[in-house]
Amino acid sequence: MATTAVTSAGIASEAPRSDFGRVLAQRERRFAAALLAPAFLALLATTTFPLLFLVYTSAFRMDLAMPFTNGFVGFENYQVLLSDERFWTSLLVSLVYTGSTVALQVIIGLALALLVMDMKRGQGWFRVIAILPVVLSPAVVGMIWRTFMLAPEFGIVDFLAINAGLGSKNWLGDPTLAMVSVIAIHTWQWTPFAFMVLLASLASLPEDIYEAARLDRASAWQRFRRITLPLLRPAIVMVVIMRTMVALTAFAAIFTVTAGGPGTATEILNLYAYRKSFTELSIGYGSALAAALLVVTIIISGILFAMRRAK
Amino acid sequence: MSGQGQVSFRNIVKMHGEFAALKGVNFDIKPGEFFALLGPSGSGKSTTLRILAGLDAPTAGRVLIDDKDVTSTDARDRDIAMVFQSYALYPHMTVAENIAFPLEMAKLPKAEITPAVKDAARKVKIDHLLDRKPGQLSGGQQQRCALARAIVRKARLFLLDEPLSNLDAKLRLETRAELKKLQRSLGVTAVYVTHDQEEAMTLADRMAVFMSGEIQQVGTPGEVFARPNSIDIAGFIGNPPMNLVPARYVDGDVIIAGHRLKTTATIPGERDVVVGLRPGALRMAEGGLGARVDLIEDLGDTAVLDLDCAGTMIRMRVADGNIPGEGDTISITARPQDIHLFDPATRMRL
């Protein structure tokens with residue numbers, strides 16, 4: 001008897017409350033959707049639609065130089081792409097460019113962050129100066145390097161090379177040196193980003209665990225390897241992911257410095273797709289190249305995010 | 001154990017700019033002793049511990065461990081283990097990895113590390129938590145993990161910086177007792193920093209009482225309680241602390257609120273003094289000092305009375321069953337040997 005009373009009372013008091021909760025949740029959801037809608041629509045129009053259109057275009061032959069051959073070709077562009085040696089070369093250049101710039105950014109950025117953490121004064125100034133390259137447009141950075149830094153005889157780098165006894169080099173004319181140069185330029189511009197993120201992360205590490213490690217007889221190197229590095233791992237992985245995404249799709253700096261040359265020595269996949277589409281006016285094939293770059297980017301970011309989740 | 005764990009501080013001074021955190025500290029710790037550094041916040045006890053650990057360098061003076069000058073020896077090379085107030089566990093390592101860390105740094109073979117880790121964890125009763133990360137542990141479990149990490153390597157000195165202050169009251173009492181047993185069973189020299197006089201009194205073999213950057217007294221808890229060196233220590237030790245009452249001293253007697261009390265002092269003459277009276281040393285007796293009961297704090301087995309003696313507040317502890325009513329007037333006295341005399345100018349014991 002007592003049990004029934006309790007149960008029915010429980011139901012009676014619960015029913016209106018859950019109803020109220022549902023109405024409230026519904027209202028909140030509607031409000032959230034309203035807040036989200038403008039950004040969502042803008043993204044849809046500027047990102048999703050162009051992407052879908054790109055994939056659609058890649059199924060057509062769209063040659064502005066020979067419009068009479070235009071028409072639906074299905075996967076033909078992709079078949080051509082797989083046997084296109086220049087595609088594989090540019091993919092390799094893209095991977096080398098991305099891999100080396102990201103690795104250099106993380107290593108130099110981390111080294112700088114560790115150095116600056118130990119600075120007693122002047123940290124603020126260092127941060128302000130360090131951020132300068134990041135705020136420049138990549139196209140401007142490209143121009144600066146081509147003229148002030150790498151120009152034969154007068155460029156700072158060439159001047160230093162001559163004074164160091166290496167002699168004047170053709171920094172942008174030699175295939176290997178050109179690759180080294182564009183990697184150096186990208187690294188120069190974006191290392192401050194890695195530096196800032198890692199410095200902030202370093203500053204948030206608790207001091208007392210380093211004292212505990214000293215008492216546990218860990219050397220400076222052991223403290224770095226066993227404590228700093230594992231604790232910085234989330235920040236490092238985040239920097240690697242963000243910088244990889246950008247490096248894979250880099251364009252402006254290389255375009256202004258070498259335009260992919262000499263020959264195709266610095267022609268990353270992005271640049272090849274651009275040249276195919278807008279220099280050779282082969283829009284359909286260019287779209288297929290861009291779609292291939294999209295696939296590569298998705299695969300690499302998938303791997304990186306999986307690494308981030310893993311222990 | 002690689003050493004005896006004998007410690008000497010010789011005239012240690014520590015300056016932070018113009019501010020003197022330590023003004024010439026001297027003490028000796030015997031091997032195997034449980035030594036407490038007691039004092040209020042900012043009195044210099046933690047600074048002393050950090051200098052002993054080698055985490056901070058003194059501005060002047062020398063630190064000796066086992067008769068060897070280690071003043072400029074790095075913390076790494078002092079063979080000292082420490083439990084931090086914040087525990088300072090490595091957040092990315094499991095409990096087992098945390099405990100194993102000091103052994104790995106000492107390049108012990110893996111076959112020796114695993115049993116040593118299990119043994120240390122068993123001693124502090126966390127052997128079922130070895131696979132957890134510090135973030136998944138309660139405060140008490142983290143504290144035990146920090147203890148295990150400190151005892152696993154059998155260092156010659158064991159430093160504890162307010163290790164119980166982040167635990168709740170019940171756990172603090174339990175851990176306090178276990179800590180003492182652990183130290184006894186390991187036979188290691190322990191230096192314990194605390195601002196809690198009860199903790200120092202119950203744990204320590206001897207203690208140093210710090211007041212504004214100086215040691216005012218070193219002794220066993222019993223000695224410090226029975227014969228406090230200064231007004232500051234008298235007002236710091238004991239719960240409730242000693243009553244400190246301004247009075248007039250005349251040829252071996254003190255006059256408080258017009259009432260004369262006998263003391264054991266033999267100094268001739270007449271002067272102003274501060275009289276120290278422990279709440280527990282006061283008793284009710286006919287013909288004593290008259291006082292009105294203002295407030296009664298009943299603690300169950302005893303009660304603390306707030307008494308008004310002609311405008312001076314005096315606290316007195318009485319046993320249960322002997323408690324007067326609030327508003328009653330009683331007469332109190334103290335035995336001559338229970339009356340402490342201090343100089344109001346120097347604040348030191350007479």
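Tutor: Begin with a definition: two strands pair if DSSP finds at least two bridges between them. Keep in mind that this is a predicted model. In general, strands of a sheet pair through backbone hydrogen bonds, either parallel or antiparallel. Here, strand 15 (residues 283-298) of chain B and strand 16 (residues 302-309) of chain B run antiparallel and are joined by six bridges.

Student: Which residue is the bridge partner of Glu297(B) in strand 16 of chain B?

Tutor: The partner of Glu297(B) there is Val304(B).

Student: How many bridges does strand 1 of chain B form with strand 2 of chain B?

Tutor: Strand 1 of chain B pairs with strand 2 of chain B over eight bridges, in the antiparallel sense. As an example of residues that face each other across this pair, Val13(B) stands opposite Lys23(B) in strand 2 of chain B. Strand 1 (residues 7-16) of chain B also pairs with strand 4 (residues 60-65) of chain B, antiparallel and over five bridges. There, Phe9(B) is opposite Val63(B) of strand 4 of chain B.

Student: And the side chains along a strand, how do I read those?

Tutor: As a general idea, in a regular strand the side chains alternate between the two faces of the sheet.

Student: How many bridges join strand 4 of chain B to strand 5 of chain B?

Tutor: Two bridges join strand 4 of chain B to strand 5 (residues 68-69) of chain B, and the two strands run antiparallel. Ile65(B) has Lys68(B) in strand 5 of chain B as its bridge partner. The two strands form a hairpin with two residues between them, where Asp66(B) takes a positive phi near 50 degrees.

Student: Now helices. What is the crossing angle of helix 9 of chain A and helix 12 of chain A?

Tutor: The axes of helix 9 of chain A and helix 12 (residues 283-309) of chain A cross at roughly 175 degrees and come within 10 Å. An angle over 145 counts as roughly antiparallel, and therefore helix 9 and helix 12 of chain A are roughly antiparallel to each other.

Student: Which residues meet in this helix pair?

Tutor: On the side of helix 9 of chain A they include Val237(A), Ile241(A) and Leu248(A), while helix 12 of chain A brings, among others, Ile300(A), Leu304(A) and Phe305(A). By class, the residues of this contact are nine nonpolar, three polar and one charged.

Student: How many residues does each chain give to the contact between chain A and chain B?

Tutor: Chain A gives 13 residues and chain B gives 16 residues. On the side of chain A, helix 8 (207-215) and helix 9 (220-248) are the elements that give two or more residues. Helix 8 of chain A has the largest share, six residues. This side of chain A has seven nonpolar, one polar and five charged residues.

Student: Where does UniProt place its domain features?

Tutor: In chain A, UniProt places "domain: ABC transmembrane type-1" (unreviewed entry) at residues 91-306. That span is 78% helix and 0% strand. In chain B, UniProt lists "domain: ABC transporter" (unreviewed entry) at residues 7-237, a span with 36% helix and 26% strand.

Notes
Residues numbered from 1 in each chain as written. Chains lettered and ligands numbered in written order. Predicted model: local features only at pLDDT ≥ 70, side-chain atom pairs only at ≥ 80, totals over all residues. Contact = placed C-beta atoms within 7 Å. Helix = DSSP H or I, 4+ residues; strand = E, 2+ residues; numbered from the N terminus. Nonpolar A, V, L, I, M, F, W, Y, C, P; charged D, E, K, R; others polar. Axes fitted to C-alpha atoms, helices over the stretch in contact; angles between N-to-C directions. Parallel < 35°, antiparallel > 145°, perpendicular 65-115°, else oblique. UniProt positions renumbered as here; feature names shortened; annotations may be inferred.
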